[in-house]
Amino acid sequence: MSELVLPGGDRLWYDVRGEGPPLFLVPGLAGVSDFFAPHVEPLARRFTVVLHDHRGCGRSSPARIDYSVEQMASDVVALMDHLGIARAHLLGHSTGGAIGQTLAIDRPERIDRLVLCATWTAADGWFRLLFQNRREILEGLGPGAYARISALFLNAPFWVRLHPEIAAVSEEEARRRIRDPEILLRRIRAILAFDRRADLHRIRAPTLVMGARDDMVTPAYFSEELGRLIPGAETVILPDGGHFFPVARAAAFRAHVLRFLDPASVEK
């Protein structure tokens, strides 16, 4: 585990595991790489897995900057340069998928294969209304209410039934996760502004798009649209699993990822 000091002095926390072709695992809006914890060890058997916490999140600097998806993508490039990695596979979940789209369009020489999970093309009426309400809950009721309500949107009902603790976050735990609500509000504005639909036809990296039929944050129609607009993309829609299907349907998710990134591999 290490830190990269970015221009201006902000710190980007990162970790590198395993050996093999480089694979960046890029998390979503919460920006914390622990989301991928169930997958790091299995993937590190075949890849050099690179993890990081987004700027403003987790163990990285709590910076009140003007966030954008392009800025988040530039932080990934800075980390690639720091590690001496010219080209890598990238797997992005949700906001991480928006980062992946941006890099595949603007820096195609840096992306080998691309996996886009539970992500979107551009904010539509549903997406805007959802995040308007989440934003109002954060501003009006605080981190605890935001975390508890968000858990119901992010996770499939069957998963919450099996793990009710994920929707029972204490105020103390929520404030630990959301150290500065203003940073999260700025990051929400950044994802609402994201729209690269007009450029998706320029993506040349082999691409796997994955979604879940019951995802309430980035409904499956977003994944289907990405699959249509990205040349040659493969689209896989799981029957359930919610927005966090890489956790709730971990085995199925990883099987598709390994098949796509390393067709010769057989997970044991």
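Predicted model: local features only at pLDDT ≥ 70, side-chain atom pairs only at ≥ 80, totals over all residues.

Analyst: Let's start with a term: two strands count as paired if DSSP finds at least two bridges between them. Strands β3 and β4 run parallel and are joined by four bridges. Across that pairing, Phe24 stands opposite Val50 of β4. On the other pairing, β2 and β4 run antiparallel, again with four bridges, and here Val16 is the residue opposite Val50.

Five of the five residues of β4 are buried, so the strand is largely enclosed by the rest of the structure. Buried here means under 20% relative accessible area. In a regular strand, side chains alternate between the two faces of the sheet. In β4, one side has Thr48, Val50 and His52, the other has Val49 and Leu51, and all of them are buried, so both faces are covered.

Let's step back to the whole sheet. Eight strands make up an open sheet with mixed pairing, and their order is β1-β2-β4-β3-β5-β6-β7-β8. The edges belong to β1 (2-5) and β8 (234-238); each has a single partner strand, so one side of each has no neighbour in the sheet. From one strand to the next, the twist averages 20°. Further along the order, β6 (residues 111-117) and β7 (residues 207-212) pair in the parallel sense over four bridges, with Val115 opposite Leu208 in β7.

What packs on this sheet? Helix α1 (residues 37-44) does, touching β2 (11-17), β3 (22-26) and β4 (48-52). The direction of α1 makes about 155° with that of β4. Another helix, α3 (residues 95-106), lies across β3, β5 (88-93) and β6, and runs at about 145° to β5.

Next, follow the chain into the loop between β3 and α1, where you'll find Gly31. Gly31 has a relative accessible area of 1%, which means that Gly31 is buried, the cut-off being under 20%. Leaving out neighbours within four places in sequence, Gly31 is in contact with His52, Asp53, His54, Cys57 and Arg187. For a sense of distance, Gly31 and Arg128 are 97 residues apart in sequence, and their C-alpha atoms are 20 Å apart in space.

His52 also turns up at a cavity. The structure holds one cavity of 30 Å³ or more, and the largest cavity has a volume of about 50 Å³. Its lining is made up of His52, His54, Arg55, Tyr67, Gln71, Met72, Asp75, Ile99 and Arg187.

The buried residues of α5 are Pro143, Gly144, Ala145, Tyr146, Ala147, Ser150, Ala151 and Leu154. They pack against α4 (125-141), α6 (157-162), α7 (171-177) and α8 (181-193).

Terms used
Residues numbered from 1 in each chain as written. Heavy atoms only, no water. Buried < 20%, exposed > 50% of the residue type's maximum accessible area, 1.4 Å probe, protein only. Helix = DSSP H or I, 4+ residues; strand = E, 2+ residues; numbered from the N terminus. Contact = heavy atoms within 4.5 Å. Axes fitted to C-alpha atoms, helices over the stretch in contact; angles between N-to-C directions. 1 Å grid on protein atoms, 1.4 Å probe; cavity = no way out; pocket = protein on both sides within 12 Å on 5 of 7 lines; lining within 4 Å. Points joined across faces, edges and corners; volume = space filled by probe spheres on them.
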